Amino acid sequence: MIAGVCTATGQVAKCHGNVNAVLTIDRAIVDAILAHARRDHPDEACGVVAGPIDSDVPTRHIPMDNAARSMTFYEFDSMEHLRVWREMDDLDEEPVVIYHSHTATEAYPSRTDVSFAGEPNAHYLLVSTREPDSEEIRSFRIVDGVVTEEEVNIVDATVKA
């Protein structure tokens, strides 16, 4: 499937290709991302959730080190980045979600986040840890510098219907 693009018109996001306007993600993965963000606070936390190629299904949480060790910026360690992307390639996976935390601001992509967004098919999940007792989780598509917010649908994959 070819890469897709989302465009926002009013409150409705229209997507083409394999890009959905909704991120559906397992509660256990969200909990692991939140725990990682809280653990690394006051520095930004970052990582990836991999899934089968062209599935848009995040299945494997991969917390990564913030090489910048910064409260306002994240950067994957170059060697870890290479190792993780090779591992995903070997497992026929791709980065379905790329996540990081904001420690003092809302969960919205900064100009720097937008300029570094290089995976057009990925969901960019942001978590704000500015409030210690509440969750702020938002997801975005970032394609060619255009930020489009999308719905986050958190499911409990361990419950069978």
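Colleague: By class, what residues make up the lining of the largest pocket?

Modeller: Eight residues of that lining are nonpolar, two are polar and three are charged. Here Ala, Val, Leu, Ile, Met, Phe, Trp, Tyr, Cys and Pro count as nonpolar, Asp, Glu, Lys and Arg as charged, and the others, Gly among them, as polar. Please note that this is a predicted model, in which local features need pLDDT of at least 70 and side-chain atom pairs count only at pLDDT 80 or more, while totals for chains, interfaces and linings use all residues. Residues are numbered from 1 along each chain as its sequence is written, and side-chain values use heavy atoms, with hydrogens and water left out.

Colleague: What counts as a pocket?

Modeller: On a 1 Å grid over the protein atoms alone, a pocket is an open set of points where a 1.4 Å probe fits, with protein on both sides within 12 Å along at least five of seven lines; lining residues have an atom within 4 Å of a point.

Colleague: Which residues lie nearest the centre of the largest pocket?

Modeller: Tyr74, Phe76, His81, Phe116 and Gly118 lie nearest the centre, out of 13 lining residues. Helix H2 (78–90) and helix H3 (111–116) each supply at least two residues of the lining. The volume of the largest pocket is about 240 Å³, taken as the space filled by probe spheres set on the grid points, which are joined across faces, edges and corners.

Colleague: Where is His81, and why is it called partly exposed?

Modeller: His81 sits in helix H2. His81 counts as partly exposed because its relative accessible area is 31%; buried means under 20%, exposed over 50%, and partly exposed in between (1.4 Å probe, protein chains only). Neighbours within four places in sequence aside, His81 is in contact (heavy atoms within 4.5 Å) with Met64 and Phe76.

Colleague: What does Pro63 touch?

Modeller: Pro63 touches His36, Cys46, Gly47, Glu80 and Tyr99, not counting residues up to four places away in sequence. Pro63 is in strand S5 and is partly exposed, with a relative accessible area of 37%. His100 is 37 residues from Pro63 in sequence, and their C-alpha atoms are 9.7 Å apart in space.

Colleague: A change of topic: how many helices and strands are there?

Modeller: The protein chain has three helices and nine strands. Both are DSSP runs numbered from the N terminus: helices are H or I with at least four residues, and strands are E with at least two. Along the sequence the pattern reads β-β-β-α-β-β-α-β-α-β-β-β.

Colleague: Which peptide bond is cis?

Modeller: The bond joining His41 and Pro42 is cis, with omega about 15 degrees. Pro42 is in the loop between H1 and strand S4 (46–52). Most residues other than glycine have a negative phi, and most peptide bonds are trans.

Colleague: What is phi for Arg69 and for Asp144?

Modeller: For Arg69, phi is near 45 degrees, a positive value. Arg69 is in the loop between strand S5 (60–64) and H2, and counts as exposed at 56% relative accessibility. Phi of Asp144 is near 55 degrees, also positive. Asp144 lies in the loop between strand S8 (136–143) and strand S9 (146–155) and is exposed, with a relative accessible area of 78%.

Colleague: What about Val22, what does it touch?

Modeller: Leaving out residues up to four places away in sequence, Val22 touches Asp56, His123, Glu150, Glu151 and Asn153. Val22 and His123 are 101 residues apart in sequence, yet 9.0 Å apart in space, C-alpha to C-alpha. Val22 lies in strand S3 (residues 22–26) and is partly exposed at 29% relative accessibility.

Colleague: Where does pLDDT stay under 50?

Modeller: Residues 1–19 stay under 50; pLDDT is the predictor's confidence in each residue, from 0 to 100. Where pLDDT is low, the predicted coordinates should not be read in detail. Over the protein chain, the mean pLDDT is 88, and 85% of residues reach 70 or more.

Colleague: Finally, how much of the protein chain is buried?

Modeller: Buried residues make up 40% of the 161 residues in the protein chain. Of contacts between residues at least 6 apart in sequence, 60% join residues at least 24 apart.
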